[in-house]
Amino acid sequence: MSEIEARLQELERLGLGRRLRLISGPQGPTVLLEGKPVLLLCSNNYLGLADHPRVREAAADAAMRWGVGAGASRLVSGTMTIHGRLEERLAAFKRSEACVLFGSGYLANLGVIGALAGSGDAIFSDELNHASIVDGCRLSRAEVIVYRHRDVEHLEWSLRRHGGGRDGQGRRLIVTDSVFSMDGDVAPLAQLADVADAYDARLVVDEAHALGNLGPDGRGAVAEAGLEGEVDVVIGTLGKALGSYGAYACASAEMVRYLINTARSLIFSTAPSPPAVAGALAALDLLRERPHRVQRLRSNARALRRALAAQGFPIPESEMQIVPLIVGEERAALRLCQEAIEHGVFAQAIRPPTVPSGTSRLRLTAMASHTASELRMAGELFGKLARRIGLDPASMVPPHSEREAAPEPAGFEAERFEGEPVLARRPGAPFDLEREGRPVPAAAAAQTAPPAPFDLERELSSGARAA
Ligand SMILES: Cc1ncc(COP(=O)(O)O)c(C=O)c1O
């Protein structure tokens, strides 16, 4: 047996095997999944714009007018008019001075984080941040300090223990999802902005799951918190509510100029393709012209939550479109996923390393294009299926809400506020106070074999490796 085959078998044994499931046709509210019609309850196409006729037409027209590919990095073969147009529109929509596009949200996080923190700097990252943030932290070579989920007090404590700051030796960067991708809860942005200010740290917020739902006109959680223009960099993706592919970073004109000069994933990667950019532009126009779509997403999120709560799932009443059903064990999550598919609903099982071990789940997502009765039917189905496979809906609680309710572990106060421990850990690993409360060498936190630090002069004067 080859080493690769052995590894694959081990993943299967642990309930962590993955495979690509074939969908025929576009990403609508219902899809043909391996030939079977199912309600799609796990897409980030929140506003249902990925297959909207105006979005399709805009992408098709752009392909005829500008071609399919951008040819190279914009710093190499020039920026195209369509890129500039979307950047202007996004900056206006997000009430930001400037905007720059990236190839994807993953690339945006890699590029922005690496531009704002490097060797000798410190990054403070929420323990449930998306993998692209975790990877951005790893690649940056900065020391990574992971704070407990949405715990501003813990963040502040960590900041007190890490010198630096803009005028000191190293820079400090706080980075967070605004809506957490696997839990659907929201970061305490106003408090994070205050803390960033007080500790001379920059703040980067990833709005991937907030655009199209939160805030006035669906402008996002930063707008909802009244912080437009106050966050150093707001990142978002074109691949979710805007139904296309690509991403953006909104910031001051100075910051955008800096990102264009230093963000490696922008400098060394081909620019977003014209049809994808044009599709996102059309979607943004639709979002601005027809805000009822945002209302519809919110009311559908409420309908899904209510239907699940009626089945005994501990789902709080809210308008967040991401609803996790925490199953716990990997194989049980796969079983619930498979049973649901057989009954006509597709909600993917999400397992480690996407979520911490022991918190495998079905991550349900409402879309504006679902009907309320589809969502009610799905809620009822999940109640029935969970019970049928021996799960108690009432116990399927997000782990961080359990932790909030639980007493602090013994000795936590002392460890938190007196001793020396530095709460650095491997990004992406589950938080474990016992283990993580001890000092961890920065090199271990920075993970294995990080790349050489960005050296602007060397990179640009050598002129090498441009995409
Ligand atoms: C919070 C967050 N940021 C970034 C990304 C990556 O975005 P993209 O799919 O555009 O690469 C995701 C994708 O799921 C995400 O959830």
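## Overview

Strands are DSSP runs of E at least two residues long, helices are DSSP runs of H or I with at least four residues, and both are numbered from the N terminus. Please keep in mind that the structure shown here is a predicted model. The protein chain holds 20 helices and 14 strands.

Of its 467 residues, 49% are buried.

Let us start with an open sheet of three strands, ordered β11-β14-β13 and paired in the antiparallel sense. Its edge strands are β11 (322–328) and β13 (349–350), each of which pairs on one side only. Six bridges connect β11 with β14 (residues 360–365), and Val323 has Leu364 of β14 as its bridge partner.

Helix α14 (residues 330–342) lies across β11, β13 and β14, and runs at about 35° to β14. The loop between β13 and β14 contains Pro353. Here is a detail worth a look on screen: the peptide bond from Pro352 to Pro353 is cis, with omega near 5°.

## The four-stranded sheet

A second sheet to look at is also open, with four strands in the order β1-β2-β3-β12 and mixed pairing. Because β1 (23–24) and β12 (345–346) each have a single partner strand, they stand at the edges, and one side of each is left without a neighbour in the sheet. Two bridges link β1 to β2 (residues 30–33) in the antiparallel sense, and Ile23 stands opposite Leu33 in β2.

The loop between β2 and β3 (36–40) includes Glu34. Although Glu34 is not a glycine, its phi is positive, at about 45°. Glu34 counts as exposed because 11 other C-beta atoms lie within 10 Å, and the cut-off for exposed is 12 or fewer.

Arg141 is not a glycine either, yet has a positive phi of about 70°, and sits in the loop between α6 (131–140) and β6 (143–147). Is Arg141 buried or exposed? With 22 other C-beta atoms within 10 Å, Arg141 is buried, since 20 or more is what that label requires.

## Helix α13 and its surroundings

Helix α13 covers residues 292–310, and its end C-alpha atoms are 27 Å apart. That agrees with expectation, because 19 residues at 1.5 Å a residue should span 27 Å. After α13 comes Gly312, with a positive phi near 95°.

Which residues of α13 are buried? They are Arg293, Val294, Leu297, Asn300, Ala301, Ala303, Leu304, Arg305, Ala307 and Leu308. An α-helix has 3.6 residues a turn, so residues three or four places apart point the same way. The cover over the buried residues of α13 includes α12 (274–289), β11, β14 and α15 (372–388).

## The largest nonpolar core

The largest nonpolar core contains 131 residues, and Val112, Ile123 and Ala249 have the most contacts inside it. Helix α12 supplies the largest share of this core, nine residues. Domain 1 (20–49 + 291–401) and domain 2 (53–289) both contribute residues, so the core lies between them.

Val112 gives a view of the packing. Leaving out residues up to four places away in sequence, Val112 touches Val204, Val233, Ile235, Ala249, Leu259 and Ala263.

Gly243 is in the loop between β9 (233–237) and β10 (247–251). Gly243 counts as buried because it has 28 C-beta neighbours inside 10 Å. Beyond its neighbours within four places in sequence, Gly243 is in contact with Asn45, Leu47, Leu49, Ala50, His52, Val55, Gly279 and Ala283. Leu49 is 194 residues from Gly243 along the chain, yet their C-alpha atoms are separated by 5.0 Å.

Another such pair involves Asp61, which is found in helix α2 (residues 53–66). Asp61 and Pro275 lie 214 residues apart in sequence but 7.7 Å apart in space, C-alpha to C-alpha. Where Gly243 is buried, Asp61 is partly exposed, with 14 other C-beta atoms within 10 Å.

Key. Residues numbered from 1 in each chain as written. Predicted model: local features only at pLDDT ≥ 70, side-chain atom pairs only at ≥ 80, totals over all residues. Pairing = 2+ DSSP bridges. Contact = placed C-beta atoms within 7 Å. Axes fitted to C-alpha atoms, helices over the stretch in contact; angles between N-to-C directions. Expected span 1.5 Å × (residues − 1). Core = buried A, V, L, I, M, F, W, Y, C linked by C-beta atoms within 7 Å. Domains from an automatic or database assignment.
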